[in-house]
Amino acid sequence: RHFLQTLGRVTLVTIVGASATFYYIAQKERHPGPQLPFDPSKKTLVILGSGWGATSLLKGLDTSDYNTIVVSPKNFFLFTPLLPSVAVGTLNARSILQPTRYVTRHKSRQVLVIEAEAKEVDPVNKTVTLSDDSEIQGQISSTTIPYDYLVYAVGAETQTFGIPGVREHACFMKELHDAEKMQRRFLDCVESAAFPGQSDEEKDRLLHMVVVGGGPTGIELSGELRDFLEEDLKSWYPELASRIRITLVEALPSVLPSFSKELIAYTERTFKESDIDILTKTMVKKVNEKSVLLKGPDGVEREVPCGMVVWAAGNTARQISRDLMAKLPEDQTNKRGIAVDDYLRMKGARDIFAIGDCTASSYAPTAQVASQQGSYLARVFKLIAKKDNLQADLTHAETGEEAEKLKKQVDKVKLKPFHYSHQGSLAYIGSDKAIADLPIFGREWTSGGVATFMFWRSAYLSTLFSLRNRSLVAGDWIRVKLWGR
Ligand code: FAD
Ligand code: NAI
């Protein structure tokens, strides 16, 4: 009895202690201390974007060194790796969003966040013109701001290759509104198929979902759709479930070209068992309102009826990036995106740094690369501030000896080139299975299955930027296990 009483007390103390710690951390996240105001003697750092690159920079940046302004059409950071889960209702949208002001409120000096789209960058006069294109606008909705340093992190947009009908009829999977649109469309297809008197042919069309692109986005989305079907729709619509079909179309000979051969084969096997059809060496040539036009390996074109098309065919540069590159034609010749040097400075421009998907580099356009580049720039800006301060002191130096000493200190401040450290590739493939290509002790280690899925979940849970997001995502996973989507 004594042992049980002691155990009870220890458990109670542990629970109370853990709850108090959790409460303390949450309150600290929620109510940070006061911030320094803008300082006219400091240089202005403008950051375009609030995605992986920009947010990771903001997290690491010592804002006491600069007057920092963030400009983005979205006033939040979106955790893209979990976006396909939002598309099928496994996760709530707000669980994977982090308001940008949530990040900036924790900085030592205040940061101005402007919800607007940058329309033009003038690299000669060092200005950015921005405009508020949201539904509700005040008297002023456009302005031009100067910068001393600009970080260009606007990401990329979905590549359509100019294929007819894609913009009009397909759903994308890049932004939050894309996932929400897809969810509405998918459920609409199922409800319309359930409408009394619908012909079998029309039911089959409405319930045929086509995913275009066998890259990680297309694969993860197909896997999530399959989970929704197996775990929820089969019991909600027993009369329709057997008619729901998912087809993944990929132009190349195999899906997931960036993963190892074993994992490609494992994914294809898993999809086969899950009744997801993979059509490789097949190009989508046109998207119609109720069908897609496919060109198979035999070169023959055929029209396939479908209810929904999700377009996940890769990235292309945004218009603003193309316009900026056109202003520096001699240095910016790569059509894929902004060319940068080893220190992530935009080639041909003064004081512009570019990171993430908007750049054309040897790195894949991934969150991993963008976030490492953002952290690197935070360190670079610390050094730049140090150098700028020393140089300011140098101009005011009163004696030659003092000037010489400062000059030596300035020379010592050296930037190191950006170095990318690949942490591996992970992807969810549905059926509670994930695949992983991980570099361990210099060797490539591949793994796929349920254990990898647990690893995938814990890796993303720990990568989420705040305790708030971690709690919300973990809560959503438990909710889905208990009550479905
Ligand atoms: P983004 O994160 O796209 O951010 C760009 C920012 O710029 C956004 O805030 C946008 O609103 C803003 N912006 C756009 N236009 C303007 C403008 N004119 N002016 C100002 N701001 C502007 N990568 C991985 O490594 N692992 C994964 O598991 C993974 N999963 C993914 C899943 C999905 C569904 C998708 C779509 C991508 C995934 N990626 C993943 C890729 C990853 O999301 C991108 O590589 C990453 O977002 C790039 O970061 P970024 O900062 O360059 O761009
Ligand atoms: P992607 O560029 O990796 O794949 C797009 C695929 O679409 C290509 O394989 C291409 O051959 C195919 N395609 C293009 N046009 C086509 C057409 N008309 N018909 C049929 N197929 C067509 O794009 P994705 O998947 O959006 O990924 C973008 C970036 O984000 C990549 O760098 C990827 O690594 C990263 N990402 C990483 C994830 C992860 O690590 N889990 C998840 C999602 C994205």
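**Entry 1.** I began with Asp200 and Lys203, which sit three residues apart in helix 7 (residues 200–206), so about one helical turn separates them. Helices here are DSSP runs of H or I with at least four residues, strands are E runs of at least two, and both are numbered from the N terminus. The model is predicted: local features need pLDDT of at least 70 and side-chain atom pairs 80 or more, while totals for chains, interfaces and linings use all residues. Residues are numbered from 1 along each chain as its sequence is written, and side-chain values use heavy atoms, without hydrogens and water.

**Entry 2.** I found a salt bridge between the side chains of Asp200 and Lys203, at 3.9 Å from N to O. The rule asks for a side-chain nitrogen of Lys or Arg within 4 Å of a carboxyl oxygen of Asp or Glu. Asp200, Lys203, Asp204 and Arg243 form a network of such bridges. I counted 21 salt bridges by this rule.

**Entry 3.** Next I looked at Asp65 and Lys382, whose side chains form a salt bridge at 2.9 Å, N to O. The two lie 317 residues apart: Asp65 is in the loop between helix 2 (52–60) and strand 2, and Lys382 is in helix 11 (residues 367–395).

**Entry 4.** Which residues does Asn67 touch, leaving aside neighbours within four places in sequence? I noted Phe38, Asp39, Pro40, Lys42, Lys43, Thr44, Leu45 and Arg109, where contact means heavy atoms within 4.5 Å. Asn67 belongs to strand 2 (residues 66–72).

Technical notes. Chains lettered and ligands numbered in written order.
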